[in-house]
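Let's take a walk through this protein together. Have the sequence and the 3D view ready, and we will begin at the core.

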Amino acid sequence: MPSAADRLDFLPPRDGGSGRAFALALLAHALLIIALTWGLNWKRTSQDVAFQAELWTNMPPVQAAPKPVEVPTPPPPPPTPTPEARTPPPPPEPKVDIALEQEKKRKLAQAQKEAEAERLKEKQKAELQAKKDKEAEQKKAADKKAQDDLAKRKAVEDAKKLEAQKDAKEAAQQKAAQAAAEKQRQENLRRITGMAGATGNADSKGTAQKSSGGSATYGAIVRAAVMPNIVFTQEIQGNPTSKVEVRVTLDGAIISTRMIQSSGNKAWDDAAINAIIRTRVMPKDVDGKIPDTTLILEIKPRN
């Protein structure tokens, strides 16, 4: 009966390249997986996977195949660019001269400072001009007010001068009229009485031919003319006497009155003066003439 060794001799020879082909296939698949993983840009480190295969067979042992020859590993394919990687990088910034940039900044700051100083100067100039204009306006208003005040004072002074001139003129006219009246009186006295045939004493200083006073009844005649014109309603104690000087013309018209001796009662003095003024014309004496142009009247409440 043939042995097992004899049977092995009759078996067909084994394919010695199947193991190597299987190893190459595994290597190709591993490389493909690595390429796909690298293309997906996974952010984790891939771990080398070791593959180990065991072959089991019920066949009788055979002679070992020769050691496979290592094939060099081809280089991995380039990674597939991601969308972020496709964006071109920004161009490099141009190198700027730092000193030139600082000089530009300094000039710009200097220009701004000069412009600000110019604006401040213009503002101060405008404020000064406005102040000068205001002062000029105030001075002009003050000068105008002073001129107006001066014109008003001058007008008042002119009015006062005119009033004073008018008063002086009236006073002069009144004085001239009094002087003329006095002169006329003196002339009338000289014309009427004359100097010849005077009957006065040696020491008499009058100019009339005889002493004035009229007849013995002239006082009663004057009293009868003046007393009805007295208006006096007050009660008076005693019988006070008011002595009044009365100047008249030759026909008896009263020119002026003057109190030469008061009675001590002003109300009675005023009543006496007013009564003489109301009489207007002094009565003539029994000879039909006025005894004198200056009469001294004594007026009493009770005669």
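In the largest nonpolar core, which has 20 residues, Val226, Val246, Ile276, Met282, Leu297 and Ile299 touch the most other members. A nonpolar core here is a set of buried Ala, Val, Leu, Ile, Met, Phe, Trp, Tyr and Cys residues joined through side-chain atoms within 4.5 Å, and buried means under 20% relative accessible area, with a 1.4 Å probe and protein chains only. At least two residues of this core come from each of helix H5 (218-226), S1, helix H6 (266-279) and strand S3 (294-299). H6 gives the most, with 6 residues. In soluble globular proteins, nonpolar side chains tend to be buried together.

Keep in mind that this is a predicted model, where local features need pLDDT of at least 70, side-chain atom pairs count only at pLDDT 80 or more, and totals for chains, interfaces and linings use all residues. Residues are numbered from 1 along each chain as its sequence is written, and side-chain values use heavy atoms, leaving out hydrogens and water.

Now step back to the whole protein. It has 6 helices and 3 strands, which are DSSP runs numbered from the N terminus (helices H or I, at least four residues; strands E, at least two). From the N terminus, their order is α-α-α-α-α-β-β-α-β. Of the 303 residues, 12% count as buried.

Finally, find Glu245 in strand S1 (residues 242-248). Is Glu245 buried or exposed? Glu245 counts as buried because its relative accessibility is 13%. Beyond residues up to four places away in sequence, Glu245 touches Ser256, Thr257, Arg258, Ile260, Thr294, Leu295 and Ile296, where contact means heavy atoms within 4.5 Å.

Notes
Buried means under 20% relative accessible area, exposed over 50%, partly exposed in between (1.4 Å probe, protein chains only).
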